[in-house]
Amino acid sequence: MSARFILAGVFGGLAMFMWGAISHMFLPWHDATYNTFRDEDLVTEVMMKEAGESGIYIAPMGDVLNPNLTGEAKHTARDEMWQKSLRGPNVFVSFRREGMSGMATPMILDLLTLIVMAFVMLFLLQAVPQLTWMGKVLFVVIVGTLGMALVQMEQWIWWSFSSGYVLVNIVDGAVRWAVGGMVLAKVGK
């Protein structure tokens with residue numbers, strides 16, 4: 001790996017991180033896709049009482065995840081879960097009991113992840129060396145956005161993430177990869 005390759009990966013990840021900061025802190029589009037509870041304190045109180053540990057919680061689930069159920073009992077539990085699911089409501093919650101200790105650790109982890117992804121994209125770009133600068137940028141945007149869209153669309157399909165939330169995240173991802181792609185195509189030749 002050349003110094004230029006390393007600089008391209010680091011600068012590409014940094015550029016994508018900077019776009020993410022602008023997108024989330026200064027543009028209203030992410031906030032416009034969120035909802036809040038009428039009584040946030042009540043929901044928090046119930047979650048602290050009912051959710052024993054941090055993680056993803058889904059309702060209805062009933063006894064479907066009970067490891068002691070086998071055979072017909074497991075089948076019955078799954079049928080009951082589907083009946084409740086048809087009636088609604090359906091809940092998908094990411095829950096962190098211990099709260100956050102600040103923004104520093106998530107921001108550092110996000111930056112490092114984006115740098116790693118920039119390096120992955122640089123390796124993919126090596127497979128198509130004949131591309132022009134614009135071709136490289138488009139390649140990065142298409143590949144990066146396809147990955148983002150796959151994840152977002154599955155959340156929309158399976159967990160009823162709102163269409164607005166999914167669309168904003170796909171477009172935001174495309175812009176992020178365009179910003180990163182410009183840096184990767186320029187510095188990573």
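Q: How is the crossing of α4 and α5 handed, left or right?
A: In this predicted model, α4 and α5 cross in a right-handed way.

Q: What makes α4 oblique to α5?
A: The two helices, α4 and α5 (residues 133–159), pack at an angle of about 125 degrees, with axes 11 Å apart. Roughly perpendicular covers 65 to 115 degrees and roughly antiparallel needs over 145, so α4 counts as oblique to α5.

Q: Which residues of α4 and α5 meet?
A: On the α4 side they are Met121, Leu124 and Leu125, and on the α5 side Lys136, Phe139, Val140, Val143 and Gly144. Sorted by class, that contact has six nonpolar residues, one polar and one charged.

Q: Why is α4 called oblique to α6?
A: Helix α4 (residues 104–125) and helix α6 (residues 163–187) pack at about 60 degrees, their axes 11 Å apart. Roughly parallel needs under 35 degrees and roughly perpendicular runs from 65 to 115, so oblique is the word for α4 against α6. The crossing of α4 and α6 is right-handed.

Q: Which residues in α6 does α4 meet?
A: Arg176, Trp177 and Leu184 in α6, which are met by α4 residues including Asp110, Leu114 and Met117. By class, the α4 contact with α6 has eight nonpolar, no polar and two charged residues.

Q: Why is Asp39 called partly exposed?
A: Its relative accessible area is 40%. Buried means under 20% and exposed means over 50%, so Asp39 lands in between and is partly exposed. Asp39 is located in the loop between α1 (3–25) and α2 (40–50).

Key. Residues numbered from 1 in each chain as written. Predicted model: local features only at pLDDT ≥ 70, side-chain atom pairs only at ≥ 80, totals over all residues. Heavy atoms only, no water. Helix = DSSP H or I, 4+ residues; strand = E, 2+ residues; numbered from the N terminus. Buried < 20%, exposed > 50% of the residue type's maximum accessible area, 1.4 Å probe, protein only. Axes fitted to C-alpha atoms, helices over the stretch in contact; angles between N-to-C directions. Left-handed = near helix turned anticlockwise from the far one by under 90°. Contact = heavy atoms within 4.5 Å. Nonpolar A, V, L, I, M, F, W, Y, C, P; charged D, E, K, R; others polar.
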